[in-house]
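Here are my notes on this model, point by point. Please read them with the structure open.

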Amino acid sequence: SQQGCDPFAQTQRSKLQHRRARINQQINKEMRMRAGAENLFRATSNHKVKETVALELSYVNSNLQLLKEELEELNSSMDVYQNESESISVPMIPLGLKETKELDLLAPLKDFISEHYGEEGVLYEKEIKEFMELRQAMRTPSRNEAGLELLMEYYNQLYFLDSRFFPPTKTLGVFFHWYDSLTGVPSHQRALAFEKGSVLFNLGALHTQIGARQDRASLPGLNQAIDAFQKAAGAFNYLKENFSNAPSLDMSAASLTMLVRLMVAQVQECVFEKMTLLRAQNDFLARLQLAQEAARVEDVYSLVHQTMSQPHVKDYVPFSWTTMVQVKSEHFEALSHYFAAIALCDCPAPSDAELLEQEKAFLQFHVTMPEGPSLRVLLQDPEERRKLGKAHLKKAIMKHEEAMRIHGLCKILRKMDILQEVLSFAHKRSLSKYSEIDHEEDFFETGEAPDIHPKTQQKPEIKSPNFSQVKVTDLFHRLGPLSVFSAKNKWYPARRVHLMRGENGFGFTLRGDSPVLIAGVIPGGCAAEAGLKEGDYIISVNGKDCKWSKHAEVVQLLKSTGKEGVDIGVITLQGSECPKAVDRKAAVMSSGSGMLKSNKENSRKSLMNSKSASTLLVWSKKSKRSKKSTYSGVPFTAVGDNEAMY
């Protein structure tokens with residue numbers, strides 16, 4: 001069976017998870033104290049008691065505040081999830097997994113099995129324990145493909161749990177407890193949707209951790225990071241579109257919108273890095289492209305920053321995240337101006353052959369046209385190129401400085417040397433370029449460089465989870481086919497019927513398989529005498545369980561009975577006592593045997609032709625007898641295409 005990773009392996013990350021779990025427990029305790037104090041505060045009319053309680057409430061609230069800050073610092077431990085490679089990449093933002101409490105389903109599921117399915121609950125202990133082990137394992141998934149598959153497997157298994165044990169009208173009475181991934185605030189609900197949604201959230205969070213730890217200095221690492229962040233965006237988006245009214249903030253529509261946008265921005269940043277790896281840096285058009293890629297990254301990060309500043313999200317998102325997103329937005333704007341300057345200053349003026357292509361690219365490069373001469377003149381005049389390049393560098397340096405200023409405001413980010421290094425390296429690079437192209441005799445006022453038109457070579461995709469990639473088998477398979485044996489169906493207690501075979505067979509028609517349905521009962525026949533009704537499902541023959549049996553298997557069992565007859569176990573679904581005429585294809589009354597014969601022929605022919613899973617055998621002692629039918633005069637139900645008479 002699948003294993004979660006050992007939660008006690010003392011890696012950096014598990015220490016982090018342990019601290020998280022500990023803080024979550026403390027937050028839980030404080031929340032309980034607060035709830036108690038609030039109830040007392042409302043209930044008491046005694047002034048003195050009210051004062052004491054108010055004081056206690058303020059203590060509890062400040063404790064909660066401190067715990068949340070500690071948790072925020074943990075959530076900002078981005079470096080724990082980053083790769084160990086030597087080269088510097090800008091850190092990405094990963095999400096911590098939602099924690100959950102253990103869940104004991106043994107008693108509730110056993111009770112449900114005996115009440116609803118009329119079976120011994122104790123016979124299903126093995127399956128229930130297996131389900132609980134799977135849930136336990138998925139609490140600590142490993143940060144790789146196996147961990148993702150484990151979460152998918154559990155998510156898919158919840159579909160069966162839902163169908164088997166969660167009727168539309170009542171709950172199991174079990175609470176699912178999950179902690180908010182960012183604030184650690186506990187929530188619980190009886191609805192299985194909360195469990196499903198939380199697992200889906202963790203699937204997204206695990207993708208973010210996998211994305212953040214890739215070595216993005218290499219092309220394979222970059223492609224894996226892009227894939228991981230696109231799948232994270234897909235999981236959060238799927239959650240937003242399919243689950244609503246979650247009790248915890250991390251799964252609210254506003255938070256999920258923010259997370260989807262954050263992941264898309266991280267993909268866009270990886271695309272920029274990919275272009276810097278792939279492009280020949282000294283080519284004019286390649287540098288224009290890089291400048292436009294950087295402008296695109298700046299664009300998506302400023303959208304994330306706006307989303308994080310919205311009322312319902314602002315107080316909730318860690319300050320370090322908001323700061324990092326703002327820093328990146330400024331940083332990439334600076335880079336876009338830097339690459340524009342490099343394209344203008346480090347590349348030779350175009351030959352006549354190149355001019356047309358460069359002019360065309362440059363026409364769509366700026367948001368507004370630069371002041372001064374026409375583009376054609378500008379591109380061919382090194383001095384004009386230097387002038388505009390200088391204006392771009394001036395803007396780049398301003399933006400680098402702004403990025404460094406914002407970075408300095410957040411104490412958590414200040415501890416992140418990697419980010420500091422990246423920012424100051426880019427700043428120095430722009431400064432040295434500026435002093436290189438700055439001439440002492442420049443008397444012109446450096447103009448304002450126009451912004452650069454954002455454009456990307458690779459649009460991020462939001463990749464929805466592909467649940468079908470992890471195949472699971474229903475752990476509670478033995479309860480019978482879901483089409484009948486589900487939580488939403490109700491049936492009368494099973495009946496045992498003893499049936500003797502008359503000279504004309506048993507006197508019923510059967511249809512379908514798993515489970516086989518009694519589609520028609522001939523009045524006055526053996527089946528009718530024994531009390532079998534149309535719409536009954538055959539669940540056993542002579543004590544052998546037939547819930548999953550194919551048509552042919554049930555027929556074989558019935559065929560092999562001797563004179564002593566056969567015991568058949570049947571159930572009737574509640575509400576299906578009188579199946580509609582439509583359901584039986586058509587109820588035709590007939591007094592001749594011609595009808596029966598032609599029907600049997602049709603039935604046989606259609607069987608030969610139909611490739612359906614429920615191939616039916618038509619068998620009856622009748623074939624050996626004379627042509628004269630003993631059924632004549634007895635009204636019966638016509639045998640439909642997929643039914644056979646026994």
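1. Helices and strands here are DSSP runs, numbered from the N terminus; a strand needs at least two residues. With that in hand, Pro-515 falls in the loop between β4 (508–511) and β5 (516–521). Keep in mind throughout that this is a predicted model.

2. Stay with that loop. The peptide bond joining Ser-514 and Pro-515 is cis, with omega about -15 degrees. Ser-514 is found in the loop between β4 and β5 as well. Its phi is positive, about 45 degrees, although Ser-514 is not a glycine. Is Ser-514 buried or exposed? Ser-514 counts as buried, because its relative accessibility of 14% is under the 20% cut-off.

3. Asn-245 also deserves a check of its backbone. Phi of Asn-245 is positive, near 60 degrees, and this residue is not a glycine either. Asn-245 sits in the loop between α8 (219–242) and α9. Asn-245 is exposed, with a relative accessible area of 70%.

4. Now the overall make-up. The protein chain has 20 helices and nine strands. Of its 646 residues, 50% are buried. Take the contacts between residues at least 6 apart in sequence: 78% of them join residues at least 24 apart.

5. Next, a helix pair. Helix α9 (residues 253–278) packs with helix α12 (residues 319–346) at an angle of about 30 degrees, and their axes are 13 Å apart. The crossing of α9 past α12 is left-handed. On the α9 side, the contact is made by Leu-259, Leu-262, Glu-269 and Phe-272. On the α12 side, Trp-321, Val-325, Lys-328, Phe-332, Leu-335 and Phe-339 take part. The residues of this contact of α9 with α12 divide into eight nonpolar, no polar and two charged.

6. A second pair follows. What is the angle at which helix α10 (residues 284–308) and helix α13 (residues 352–363) cross? The angle is roughly 10 degrees, and the axes come within 11 Å. Angles under 35 degrees count as roughly parallel, so α10 and α13 are roughly parallel to each other. Phe-284, Leu-285 and Leu-288 in α10 meet Glu-357, Gln-358, Ala-361 and Phe-362 in α13. The residues of the contact of α10 with α13 divide into five nonpolar, one polar and one charged.

7. Look at Glu-333 and its surroundings. Glu-333 lies in helix α12. Glu-333 is buried, with a relative accessible area of 11%. Which residues does Glu-333 touch, not counting those up to four places away in sequence? They are Glu-298, Lys-399 and Asp-451.

8. Ser-486 is a loop residue, placed between α17 (417–437) and β3 (495–499). At a relative accessible area of 2%, Ser-486 is buried. Leaving aside neighbours within four places in sequence, Ser-486 is in contact with His-116, Tyr-117, Ser-163, Arg-164 and Trp-491.

9. Last, the cysteines. A disulfide is a covalent bond between the sulfur atoms of two cysteines. With a cut-off of 2.5 Å between cysteine sulfur atoms, the count comes to zero disulfides. Cys-526 counts as partly exposed, at 23% relative accessibility. Cys-546 is buried, with a relative accessible area of 0%.

Notes:
Residues are numbered from 1 along each chain as its sequence is written. This is a predicted model: local features need pLDDT of at least 70, side-chain atom pairs count only at pLDDT 80 or more; totals for chains, interfaces and linings use all residues. Side-chain values use heavy atoms; hydrogens and water are left out. Axes are lines fitted to C-alpha atoms, for helices over the stretch in contact, and angles run from 0 to 180 degrees between N-to-C directions. Helices (H or I, at least four residues) and strands (E, at least two) are DSSP runs, numbered from the N terminus. A crossing is left-handed if the near helix is turned anticlockwise from the far one by less than a right angle, and right-handed if clockwise. Contact means heavy atoms within 4.5 Å. Ala, Val, Leu, Ile, Met, Phe, Trp, Tyr, Cys and Pro count as nonpolar, Asp, Glu, Lys and Arg as charged, and the others, Gly among them, as polar. Buried means under 20% relative accessible area, exposed over 50%, partly exposed in between (1.4 Å probe, protein chains only). Angles under 35 degrees count as roughly parallel, over 145 as roughly antiparallel, 65 to 115 as roughly perpendicular and the rest as oblique.
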